[in-house]
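The following explanation is intended for a reader who meets this structure for the first time. Please keep the sequence and the model in view while reading.

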Amino acid sequence: MLKTAQKEFWFIVGSQHLYGKEALAEVKAHAQTMTDALNESGILSYPIVLQDLAVNADTITKMMKEVNYRDEVAGVITWMHTFSPAKMWIRGTKLLQKPLLHLATQFNESIPWETIDMDFMNLNQSAHGDREYGFINARLNKQNKIVVGYWERPEVQQQIAQWMDVAAAYNESFNIKVARFGDNMRNVGVTEGDKIEAQIQFGWTVDYFGIGDLVQYVNAVTEEEINDLFTEYADAYEFVYGDYSAEDWESSVKVQASYEIAIKRFLDEGGYSAFTTNFEDLYGMKQLPGLAVQRLMAQGYGFAGEGDWKTAALDRLLKVMSHNQSTGFMEDYTYELAPGRESVLQSHMLEVDPTLAVNKPKLIVSPLGIGNREDPARLVFDGKQGEGVVVSMADFGTHYKLLINEVSAFEPEVPAPHLPVARVLWNIKPNFQDGVKAWIENGGGHHTVLSLNLTTDQIVSYAKLVDLEYVIIK
């Protein structure tokens with residue numbers, strides 16, 4: 001996957017001086033045991049690093065300032081081991097500019113009824129501390145995540161890991177740069193948007209480049225580089241020549257190889273992690289990038305067609321959140337309306353993300369009915385099955401809005417021998433009629449990002465962090 005900077009999370013444990021040095025030493029020992037066990041669990045997405053005990057306002061404020069300053073720190077996990085007076089958290093929490101998770105747990109799983117005394121009660125009063133601490137976060141409207149349950153349980157650790165992925169994506173959002181090769185498709189409404197507002201709200205930088213800027217990079221690719229990449233294709237995909245001669249087929253595929261090398265070089269030199277193309281803007285290019293785009297998406301770059309920079313940035317964001325697992329750009333294409341089988345065929349002209357492939361992709365060459373260019377190469381495959389979420393972002397003029405719909409993807413049972421593109425099929429929740437109607441009523445676009453790795457809760461957590469209106473279609 002396209003690499004991001006290594007991240008860590010700070011673990012800050014709340015207490016106070018009232019209980020004495022001996023009690024605080026035990027609090028710190030418990031916190032260290034938890035830190036070590038969580039890091040060794042194999043479940044957390046990123047390491048946690050234990051910090052000084054939060055026992056006064058100055059300590060808390062200093063730590064939160066440091067969190068903001070350190071790029072490698074993606075967020076903060078807090079735990080109230082004892083009662084921790086909330087007024088001392090106000091300044092530091094107000095200053096904190098990164099995601100916050102409140103872990104509502106306690107060191108011991110069960111109450112030791114035979115030995116419990118007031119010393120134990122004073123030391124192990126997370127239930128008391130949680131309410132005090134939770135109040136001040138609610139009062140400050142921090143939009144923090146709350147995970148409740150015994151910290152050693154895998155399901156609790158899994159919730160922490162999922163939030164970590166959201167927090168890492170939130171931090172990466174401010175580093176997302178989208179390169180637009182050409183402008184938006186003419187006469188299309190949903191691909192437009194306010195780029196300044198997107199940079200203010202989400203951190204996304206969106207830059208335009210004339211197609212000639214990319215053509216210069218294409219022309220600089222060497223034959224040796226192309227042949228080396230073509231050899232890599234032979235190892236990864238099933239070559240299907242169809243009605244083409246071997247010479248013509250390989251020539252078409254090698255055009256895409258030159259595009260892959262050129263686009264990647266262009267993006268990497270400029271620090272771009274997402275991009276768009278447009279079949280109406282191809283001056284100087286032999287083909288619309290197809291295979292090249294699919295290969296780059298598989299490496300973690302965000303993408304959307306027809307100049308849709310919002311979806312390209314959203315694609316990159318969710319790829320970071322999902323570790324680029326079964327997540328990619330998608331488009332609603334065709335309905336299946338037979339009774340009992342109502343579903344949606346998802347595809348695109350060429351650019352369907354291989355991270356969604358259930359089988360070894362076939363590499364084919366086929367005509368493209370639009371764009372007035374040579375026949376482009378592309379990967380053809382069937383999509384995976386699994387529970388997932390499909391997300392679309394639209395600019396409503398006054399604000400951005402995110403639509404979220406849960407879906408059940410399934411593997412196609414019937415072959416489609418004449419379909420020259422990859423296909424993904426899914427059932428819409430709660431059902432086809434209500435789901436489609438609600439999507440349309442709320443202005444959901446035809447360009448989306450599908451993930452079979454993420455959950456609605458994770459998408460909502462991100463939306464809250466960036467004050468983004470969202471609609472969940474259930």
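The paragraphs below move from the chain as a whole to its sheets, helices and single residues.

This is a predicted model, in which local features need pLDDT of at least 70 and side-chain atom pairs count only at pLDDT 80 or more, while totals for chains, interfaces and linings use all residues. Residues are numbered from 1 along each chain as its sequence is written, and side-chain values use heavy atoms, with hydrogens and water left out.

The protein chain contains 14 helices and 19 strands; helices (H or I, at least four residues) and strands (E, at least two) are DSSP runs numbered from the N terminus. Its radius of gyration is 25 Å, close to the 23 Å that the globule rule gives for 474 residues, so the chain is as compact as a globular protein of that length. That radius is taken over C-alpha atoms, and the rule is 2.2 Å times the number of residues to the power 0.38. Along its principal axes, the C-alpha trace spans about 85 × 55 × 45 Å.

Of the 474 residues, 54% count as buried (under 20% relative accessible area, with exposed meaning over 50% and partly exposed in between, for a 1.4 Å probe and protein chains only). Among contacts with a separation of 6 or more, 79% join residues 24 or more positions apart, a contact being heavy atoms within 4.5 Å. The chain has 40 positive and 64 negative side chains, and the centres of the two sets lie 5 Å apart. Here Lys and Arg count as positive and Asp and Glu as negative, with His and the chain ends not counted; each charge is placed at NZ of Lys, CZ of Arg, CG of Asp or CD of Glu.

Attention now turns to the strands. Two strands are said to pair if DSSP finds at least two bridges between them. Strand E4 (residues 100-104) runs parallel to E5, and four bridges join them; histidine 102 stands opposite isoleucine 146 in E5. In a regular strand the side chains alternate between the two faces of the sheet.

Another sheet is open and has three strands in the order E8-E13-E14, with mixed pairing. Its edge strands, E8 (238-239) and E14 (377-380), each pair on one side only. Strand E13 (residues 362-365) is antiparallel to E14, with four bridges between them; lysine 362 has valine 380 of E14 as its bridge partner.

E15 pairs with strand E16 (residues 400-410) in the antiparallel sense over 10 bridges, and serine 392 stands opposite leucine 403 in E16. Four residues lie between the strands of this hairpin, where glycine 397 takes a positive phi near 85 degrees. E15 also pairs with strand E18 (residues 447-451), antiparallel over three bridges; valine 391 has valine 449 in E18 as its bridge partner.

Helix H11 (residues 291-298) is mostly covered, with seven of its eight residues buried; among them are Leu291, Gln294 and Arg295. Just after H11, glycine 300 takes a positive phi of about 110 degrees. Helix H5 (residues 126-139) holds arginine 131, which is exposed, with a relative accessible area of 62%. Arginine 131 and serine 84 are 47 residues apart in sequence and 9.9 Å apart in space, C-alpha to C-alpha.
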